[in-house]
Amino acid sequence: DTGITNNIATVPIEYEDKLFCGLMPMTSGTCGNGCTWTFNHNTKDLDINGEGDNASMKNYSSAIEVPWNKKAGEIDSIRITGITNIGNNAFNGCTKITEITIPESVTTIGTSSFEGCTELKEIKSWGRVDTLESNAFKSTGFTTISIPSQITTINSGAFEGSRLTTVHFEGTTNPTTCASDAFTSTSVTHIEVLITYTTTTNFCGKPPRTKGACDESLKDENV
């Protein structure tokens, strides 16, 4: 039994580019534990919704396994609510999205979650994310990014091949885990650290450039 609302046919399966009873379909399904997805063909919006305290996205081993993969290049915006993680490869290849808001419920951004999102340039909110898995934002469109202090783990290639030139760290220490190749194949030469940094070790594989240091001797010549 198909319900028709607002001139959209709701079809709870993956549906090809065909009219359904004369209307474009809105496809939907499940994508994890207590997690559902809906793609609206008319607005090109993808909604990810979680229900329950432990709703989580499935970790997909490749982008081709993601149920909305065939529409990845059409998706204009992504809305996420009520989940604890963004699954591996979840939005890999969504080439049209320009910004993302991560809800407070999310703590982990999975491997290659936003890889290949070439127009993604802004994270409007980081939620409670503390971990960026490998290649999480590989080949994205960021030119500058501020990483909040809550993020303690940045894994290999997290921003590899992105358009980054400037990275601001808002924390007070080097993240607990920060791979030396987190920013490989980018134009980043220094990490801007917004605190007094007292060691000579690299910061995520790049030399630190301190801002607002109290001790003049700690300031990098490039400040």
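This is a predicted model: local features need pLDDT of at least 70, side-chain atom pairs count only at pLDDT 80 or more; totals for chains, interfaces and linings use all residues.
Student: What is the mean pLDDT of the chain?

Tutor: The term pLDDT is the predictor's confidence in each residue, from 0 to 100. The mean for this chain is 83, and 74% of its residues reach 70 or more. Over residues 212-223 the pLDDT is below 50. Residues 9-15 also stay under 50.

Student: How many helices and strands does the chain have?

Tutor: Helices (H or I, at least four residues) and strands (E, at least two) are DSSP runs, numbered from the N terminus. Here there are 0 helices and 19 strands.

Student: What share of the residues is buried?

Tutor: A residue is buried under 20% relative accessible area, exposed over 50%, and partly exposed in between (1.4 Å probe, protein chains only). Of the 223 residues in the chain, 45% are buried.

Student: Which residues touch the most other members of the largest nonpolar core?

Tutor: In soluble globular proteins, nonpolar side chains tend to be buried together. A nonpolar core is a set of buried Ala, Val, Leu, Ile, Met, Phe, Trp, Tyr and Cys residues joined through side-chain atoms within 4.5 Å. The largest one here has 51 residues, and Ile 48, Phe 91 and Phe 137 touch the most other members. Strand S5 (35-40) and strand S6 (45-50) are among the elements that give two or more residues to this core. S5 gives the most, with 3 residues.

Student: What does Ile 48 touch?

Tutor: A contact means heavy atoms within 4.5 Å. Leaving aside residues up to four places away in sequence, the partners of Ile 48 include Cys 31, Cys 35, Trp 37, Trp 68 and Phe 91.

Student: Is Asp 45 buried or exposed, and which side chains form polar contacts with Asp 45?

Tutor: Asp 45 lies in strand S6 and, at 14% relative accessibility, counts as buried. A polar contact is a pair of N or O atoms within 3.5 Å; within protein, one must be able to donate a hydrogen and the other to accept it, and residues adjacent in sequence count only if both atoms are side-chain atoms. The side chain of Asp 45 makes such a contact of 3.1 Å with that of Thr 43, and another of 3.4 Å with that of Arg 79.

Student: Where is Ser 149 found?

Tutor: Ser 149 is in the loop between S14 and strand S15 (153-154). Ser 149 is exposed, with a relative accessible area of 51%. Beyond four places in sequence, Ser 149 touches Glu 170 and Gly 171.

Note on methods:
Residues are numbered from 1 along each chain as its sequence is written. Side-chain values use heavy atoms; hydrogens and water are left out.
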